[in-house]
Amino acid sequence: MAKKKKEEIVLNKTELMPTTIGVLDKRENGPIIAIVLIILFVVCIFLLPYFNEWLNGVDTVVETPTDTPSPSIDDEPNEDPAPETQYYPISSDLSIDIDGYSFSSFVIQNNNQTLSYTITNTSGEANYFETHNYFMELYSGENELLQRIKLSRDDIVGSSTFTVDISSAIANGTVTQVAIKEILVEDYPSVSLSTNTAGVSYLTCTKDSQTLTYYFTEQNDTYALNEIRERTTFLNTAADYNATLESYTTLVASLNSVTGVTSSLLPTTTGFTYELTLQLGSVTSTTMNRYFTDSVYYAANTEAKEIAFELESDNYTCQ
């Protein structure tokens with residue numbers, strides 16, 4: 001019986017060429033992918049609370065339509081609300097304590113239309129009312145403001161008694177209550193000024209026989225004082241006319257040698273008129289402190305609203 005010849009199997013005689021022996025079924029990866037997905041799912045569930053905390057801590061930006069402004073809420077307001085007015089019924093035993101001072105002995109004289117009161121310095125600074133703008137306000141029983149009076153700037157060391165004209169208050173109603181408050185200059189109301197033919201803005205304030213005209217220059221949207229003119233008429237029927245004439249004659253003689261000051265006396269058929277012009281840019285502080293300490297004389301660059309508000313509280317009519 002002949003021997004069967006073995007058949008030679010040749011894979012590939014090409015030198016160093018890769019040869020495919022078999023194919024792995026791809027379905028064997030299925031269990032591995034499923035296991036990985038399950039692990040990721042469990043991890044996500046475990047980390048979800050931490051992810052939420054992180055997400056809530058991140059500031060989110062919400063765009064606001066340009067035509068609808070978003071309201072701003074501040075924990076602390078930028079401006080303190082204005083304090084409510086404290087009304088005190090006027091009586092002989094009324095006492096009001098403010099910043100180391102006691103206001104007492106309020107007496108209204110309806111016949112001569114005056115109010116007198118006493119200020120006692122208990123622990124305050126002597127010049128406190130020189131550096132603070134305090135006003136006394138008179139009210140009716142219905143809390144209607146009848147008149148506002150600026151307190152004197154005088155130094156008070158012990159006790160001082162003041163008497164003020166309250167004719168405006170009596171003309172407007174019956175005075176039954178009083179309030180004392182500080183009003184800052186920046187809170188004074190604005191005032192309208194007149195303009196002369198030269199284009200200069202001015203404010204005129206009058207009371208009785210005195211007329212004061214204040215001239216201003218415009219600076220940074222405000223009106224700053226640079227000149228004061230005064231005209232006051234005195235009648236020869238007054239009991240102290242001769243003493244007044246002598247006093248003003250001496251004053252004019254002294255003022256006419258002072259830089260920035262012009263003054264004169266003009267005789268009239270019923271007395272005389274005193275005229276004064278102060279060029280505040282040329283007048284020194286020494287001159288002001290020596291001759292012009294009255295409250296109607298303001299320093300250079302004073303705002304128009306300050307003059308109008310304070311003089312009107314002294315019964316001047318300003319326009």
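Contact here means heavy atoms within 4.5 Å. The model is a predicted one, where local features need pLDDT of at least 70, side-chain atom pairs count only at pLDDT 80 or more, and totals for chains, interfaces and linings use all residues. Residues are numbered from 1 along each chain as its sequence is written, and side-chain values use heavy atoms, with hydrogens and water left out.

Leu311 makes contact with Cys205, Tyr214, Val296, Tyr298, Tyr316 and Cys318, leaving out residues up to four places away in sequence. Along with Tyr214, Leu311 touches the most other members of the largest nonpolar core, which has 30 residues. Such a core is a set of buried (under 20% relative accessible area, 1.4 Å probe, protein chains only) Ala, Val, Leu, Ile, Met, Phe, Trp, Tyr and Cys residues joined through side-chain atoms within 4.5 Å. Elements giving two or more residues to this core include β10 (201-207), β14 (271-279) and α6 (304-312); helices (H or I, at least four residues) and strands (E, at least two) are DSSP runs, numbered from the N terminus. Another core lies apart from it, with 26 residues, among them Tyr117 and Phe162.

Gln177 sits in strand β8 (residues 177-182) and counts as buried because its relative accessibility is 12%. A polar atom of the Gln177 side chain lies 2.7 Å from the backbone oxygen of Ser140.

As for confidence, pLDDT (the predictor's confidence in each residue, from 0 to 100) averages 84 over the chain. Helix α1 (residues 30-57) is lowest, with a mean of 62, while β14 is highest at 98. Over residues 58-77, pLDDT stays under 50. Where pLDDT is low, the predicted coordinates should not be read in detail.

Note on methods:
Buried < 20%, exposed > 50% of the residue type's maximum accessible area, 1.4 Å probe, protein only. Polar contact = N/O pair within 3.5 Å; in protein donor to acceptor, adjacent residues only side chain to side chain.
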